[in-house]
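Biologist: I would like to learn how to read the features of a model like this one. Please take them in turn, with the general idea before the case.

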Amino acid sequence: MYHDNIFTRIIAGEIPCDKVYESEYTLAFKDIAPKAPTHILVIPKGKYVDFSDFTARASADEMTDFYRSVARVADEKLPGGHRIIINTAKDGGQEVPHFHAHILGGRTLGPKIVQE
Ligand code: 5GP
């Protein structure tokens, strides 16, 4: 179940963000604690907890807009390459319970997963 969180407040305009791109259904802004020279978060404006929730409940228009927005921002800001990450729940390391994709790049990125 969705509970309002920091991203709900960013969408509502109650908390500022460094906006990169906005469309009818989607918002992209810079991560407040960047893990790479370029670190952008892309979120749907609708209230979805995670990837599965978004995929199950969002309309076709919302989904198309979201995935095209991710691709557009990634290709425009990081034409030399990038990594797109979607964390889910506790084991996936998701901290904010509003579905989002991370777009990272601006340098050669390290290992995808640290070996145990
Ligand atoms: P998660 O760990 O849930 O996949 O990623 C959440 C991301 O949101 C983190 O990278 C964190 O730095 C970012 N974040 C948390 N609070 C804020 C905020 O208030 N503003 C912005 N721009 N990013 C935030």
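Modeller: Helices (H or I, at least four residues) and strands (E, at least two) are DSSP runs, numbered from the N terminus. This is a predicted model, in which local features need pLDDT of at least 70, side-chain atom pairs count only at pLDDT 80 or more, and totals for chains, interfaces and linings use all residues. Residues are numbered from 1 along each chain as its sequence is written, and side-chain values use heavy atoms, with hydrogens and water left out.

Biologist: How many bridges join β4 to β5?

Modeller: Two strands pair if DSSP finds at least two bridges between them. Here β4 and β5 run antiparallel and are joined by 3 bridges.

Biologist: In what order do the strands of the sheet lie?

Modeller: The open sheet has 5 strands in the order β1-β2-β3-β5-β4, with antiparallel pairing. β1 and β4 are the edge strands, each pairing on one side only. On average, neighbouring strands are turned by 20 degrees against each other, direction ignored. For such angles, axes are lines fitted to C-alpha atoms, for helices over the stretch in contact, and angles run from 0 to 180 degrees between N-to-C directions.

Biologist: What does β2 pair with on the β1 side, and what on the β3 side?

Modeller: β1 and β2 pair antiparallel over 3 bridges and form a hairpin with 3 residues between them. Tyrosine 21 stands opposite alanine 28 in β2. The antiparallel pairing of β2 with β3 has 5 bridges, and leucine 27 is placed opposite isoleucine 43 in β3.

Biologist: Why is β2 described as largely enclosed?

Modeller: Buried means under 20% relative accessible area, exposed over 50%, and partly exposed in between (1.4 Å probe, protein chains only). In β2, 4 of the 5 residues are buried, so the rest of the structure largely encloses this strand. Threonine 26 lies in β2 (residues 26–30) and counts as buried at 1% relative accessibility.

Biologist: Which side chain makes a polar contact with that of threonine 26?

Modeller: A polar contact is a pair of N or O atoms within 3.5 Å; within protein, one must be able to donate a hydrogen and the other to accept it, and residues adjacent in sequence count only if both atoms are side-chain atoms. For threonine 26 the partner is the side chain of aspartate 65, at 2.6 Å. Not counting residues up to four places away in sequence, threonine 26 touches several residues, including Tyr21, Ile43, Asp65 and Phe66.

Biologist: Which residues of α3 are buried, and which are exposed?

Modeller: The buried ones are Glu62, Asp65, Phe66, Ser69, Val70, Val73 and Ala74. Seen down the axis of α3, they fall within an arc of 155 degrees (taken from the directions from the helix axis to the C-beta atoms), so they line one face of the helix. On the other side, Ala60, Asp61, Arg68 and Glu76 are exposed.

Biologist: Which strands does α3 touch as it packs on the sheet?

Modeller: α3 touches β1, β2, β3, β4 and β5, and its direction makes about 165 degrees with that of β3.

Biologist: Where does histidine 82 lie?

Modeller: Histidine 82 is in the loop between α3 and β4 and, at 32% relative accessibility, counts as partly exposed. Its side chain reaches the backbone oxygen of leucine 78 at 3.4 Å.

Technical notes. Contact means heavy atoms within 4.5 Å.
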